[in-house]
Amino acid sequence: MTTLAEEREEQRRWRLRPERAALAEALASQLEREFAPPETHAADQGRQLARLATFAAAEAPYWSRRFRELRLDPRSLADLAALEALPVLSKGDLLRNAEGLRAQRLPPRERAHSWTSSSGTTGRSARVLHSVSSSFMFTLLRARSVRWFRLDPSATLASIRLASQHPQAREEGSLRDGETRRRDRWRHTGDLFETGPQICFNVTNPVERQLAWLAAERPHYLEAYSETLEHLVFACEGVWPAPSVRKLQALSEQLTPSMRRRIEATTGAPIEQGYGLNEIGLVAVRCEAGRYHVHTEHCVVEIVDDAGKRCAPGATGRVVVSTLVNTAMPLFRYDTGDLAVAASAGCACGRTLPAFGDLVGRYSRIAYLPEGTLGHVGVLREALESAPLEVVRQLRQFQVHQFSDGSFELRVLSVGAMPAEFERAIRAAWRSASGDAHALRIARVDAIPRSPGGKFQDFTSDFLPQPDRESS
């Protein structure tokens, strides 16, 4: 169990940059908040929510109309339970009402900062305007994450991401494949604290080149997409070339328990995680007990059922988030499209910030799938991730595709032909789970294309909705 005294001691390792000295008090308050009584969190969030909702009802045409139609006094949201009186705001609602969701005027001393876009995995992305305060919360809350992760601020951080997601100066342009971008400080965290360097490499480089880069650069920490970490582990064939890496940070995609086990066993490095989305910013950070604790200074999180009612602890529901800071474009009960497990109060880690359990997938990617689809996909993934090293040594990537007739195809990208034992193991697992040996094809492919947004998808389906349908 973590104590307040331990966190204070950990914070002392992070030295503020001279120009950020005025933030010492805010960071100390942030730390103390992590151990406040639960009722204090609810009261503070309620006050912030009611204040922002009152502002939105006056300045954002969409919310003005919504509160009037519902005959809902925005001040009533000081009681967080009153949030259920607001319908969930879908991505489609955001796309259709983007202009009306913007505030016509901002509070004194506040100004608009920048636009962010949702990932747009299916082709349509939603844009959200953030205020200066909302944008700065990312940097401030990142400070909590690196403290919880127990990172060494003097160490070297490596980043393997899409070129568009690397830091870049205006005159530099996008990082090209084969090149390394070097920074004298960590992105975001280095804006507040004295840190070691950050090095960047594109995820679109061949995986073998990524492994060689890690071996040559010898970083202490590596941040990459969850599926990228898995691809690196498959490609290294059981011999991890970067023993200098002490910890991994998994970004963006879902990390299944079996993925975590294989990656950590191969690399010898624990995986740390946070949770956020471009439309809101950082939402939560995962503690050592495996729960995601909400950044209560920034947002309210609900895990709800299809009717928008809060789920009981242990039940899986949709993650909806209400911002507390962004006056430029306030979003209340925004449906993230993600699914998570609702958690009871109290956490073994000792921190009191409200929390939820494992993230278990995206609702928008399963809502239209035939019953049993996820079970079949899970069988294939578990069979691949639990297979002995000698069986998957040549595997580099895989993708499961579901056809409109309900059959599946396991697409395998490998170095040379896979051993006969590979197909036997996959088909044995499939038969034991489905009983229909003919509903699965295994195909070796030369490439697995990425989504329009550049992300890799390990599951695709003919049943998944087209962008217009998904956003409705």
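Mentor: Axes here are lines fitted to C-alpha atoms, for helices over the stretch in contact, and angles run from 0 to 180 degrees between N-to-C directions. This is a predicted model, where local features need pLDDT of at least 70, side-chain atom pairs count only at pLDDT 80 or more, and totals for chains, interfaces and linings use all residues. Residues are numbered from 1 along each chain as its sequence is written, and side-chain values use heavy atoms, without hydrogens and water.

Trainee: Why are α9 and α10 called roughly perpendicular?

Mentor: Helix α9 (residues 207-217) and helix α10 (residues 226-235) have axes that cross at roughly 85° and come within 9 Å. The term covers 65 to 115 degrees, so α9 and α10 are roughly perpendicular to each other.

Trainee: Which residues make that contact?

Mentor: Val207, Gln210, Leu211 and Leu214 of α9 meet Thr228, His231, Leu232 and Ala235 of α10, with contact meaning heavy atoms within 4.5 Å. By class, five are nonpolar, three polar and none charged.

Trainee: What makes α11 roughly parallel to α12?

Mentor: The axes of α11 (residues 257-267) and α12 (residues 373-386) cross at roughly 10° and come within 9 Å. Roughly parallel means under 35 degrees, so α11 counts as roughly parallel to α12. Their crossing is left-handed, the near helix being turned anticlockwise from the far one by less than a right angle.

Trainee: Which residues of α11 and α12 make the contact?

Mentor: Helix α11 gives Ser258, Met259, Arg261 and Arg262, while α12 gives Arg381, Glu382, Leu384, Glu385 and Ser386. Two are nonpolar, two polar and five charged, where Asp, Glu, Lys and Arg count as charged.

Definitions and conventions: Helices (H or I, at least four residues) and strands (E, at least two) are DSSP runs, numbered from the N terminus. Angles under 35 degrees count as roughly parallel, over 145 as roughly antiparallel, 65 to 115 as roughly perpendicular and the rest as oblique.
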